[in-house]
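Please study the sequence and the structure shown below, and then work through the exercises on charged residues. Each task is followed by a solution in steps.

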Amino acid sequence: MQLHRISYSSRAVVEDPFKWAYTLEDHGYTGWEIVQEGSQCLNSKNIQNLKNISETTDLELTLHLPFSDMNLAGLNDSIRAEVIRQMEHYLTLASNYVNLAVVHPGYLSPYGTQVPQKAYFTNLASLQEICDFAADFGILVAVENMPDMPKIFGKYPDEMLEMLESIGSHNVGFTFDVGHANTVGLIDDFLELFNEKISHVHIHDNMGKKDEHLPLGKGIIDWKQVMEKLSDYKGIFVTEMSSVEEGIESLEFLRNL
């Protein structure tokens with residue numbers, strides 16, 4: 001199988017990403033999803049590096065907004081305002097280079113657990129605010145389904161669909177994370193419900209219990225079946241791996257699928 005739009009994303013955020021970013025095309029990747037965590041966060045130095053990547057390679061660039069310590073459903077107004085500010089900051093910095101940004105929905109804090117509906121509506125309001133901001137740059141905000149973790153929004157297909165429809169922005173989309181869906185045993189349900197509504201796809205493997213981000217073929221996901229069901233999808237497939245070596249392994253697996 002040859003994918004025309006196959007991007008790499010690394011969870012390794014304590015090393016210099018620009019040491020390996022220039023090698024991605026050599027390995028067969030056509031894009032890079034830049035995670036706004038740790039060393040990959042865009043700053044004055046990294047923006048220049050990103051500019052160089054954009055000008056000297058053909059990589060298609062997308063953005064993954066930060067998620068550590070970021071709760072879009074948080075009920076402390078001042079802290080939530082700072083979370084939104086940081087999201088908007090990275091959208092602004094990346095706006096010349098990307099047209100899609102992935103974002104995680106929020107989760108229930110101890111307070112939010114007592115008032116879950118209030119937290120849910122706060123999550124929607126935060127996503128709406130991010131979409132409104134990103135729209136000025138022509139950036140699609142693709143909300144990602146979550147793995148089987150306690151108290152987090154976005155684990156289930158019906159829930160995700162309701163969330164996206166409630167936001168209703170012209171620039172809100174859906175990032176289908178196959179590995180996350182596998183941890184709740186609902187890959188087929190997601191594919192059936194969303195069908196042509198998928199904007200972006202994350203691919204990695206696991207054993208069905210937790211979010212392991214294994215190379216493709218190292219878990220229990222039936223990738224042949226998944227790819228057949230996604231045969232009409234024209235967007236980007238993003239391998240989310242711990243290292244470029246695992247990315248290369250996943251590319252080889254796809255070629256032999």
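The exercises below concern an annotated domain, salt bridges and a charged surface patch.

The model is predicted, so local features need pLDDT of at least 70 and side-chain atom pairs count only at pLDDT 80 or more, while totals for chains, interfaces and linings use all residues. Residues are numbered from 1 along each chain as its sequence is written, and side-chain values use heavy atoms, with hydrogens and water left out.

**Exercise 1.** State what UniProt places at residues 24–256, and describe the chain there.

Step 1. The unreviewed UniProt entry places the feature "domain: Xylose isomerase-like TIM barrel" at these residues; such annotations may be inferred rather than shown by experiment.

Step 2. Over residues 24–256, the chain is 45% helix and 15% strand. Helices (H or I, at least four residues) and strands (E, at least two) are DSSP runs, numbered from the N terminus.

Step 3. The end C-alpha atoms of residues 24–256 are 19 Å apart.

**Exercise 2.** Find how many residues apart Arg-85 and Glu-82 are in helix α3.

Step 1. Arg-85 and Glu-82 form a salt bridge, with their closest N and O atoms 2.8 Å apart.

Step 2. The two residues are 3 residues apart in helix α3 (residues 77–94), and therefore about one helical turn separates them.

**Exercise 3.** Identify the element that gives the most to the negative patch.

Step 1. The patch consists of Asp-158, Glu-162, Glu-165, Asp-189 and Glu-192. Patch residues have over 30% relative accessible area and no salt bridge, and like charges are joined within 9 Å.

Step 2. Two or more residues come from each of α6 (157–167) and α8 (187–194).

Step 3. Helix α6 gives the most, with 3 residues.

Key:
Patch = residues over 30% accessible without salt bridge, like charges linked within 9 Å, V, L, I, M, F, W, Y side chains within 5 Å. Areas by Shrake-Rupley, 256 points an atom, 1.4 Å probe, with all protein chains shown as cover. Salt bridge = Lys/Arg side-chain N within 4 Å of Asp/Glu carboxyl O. Lys, Arg positive; Asp, Glu negative; His and termini not counted. Charge placed at Lys NZ, Arg CZ, Asp CG, Glu CD.
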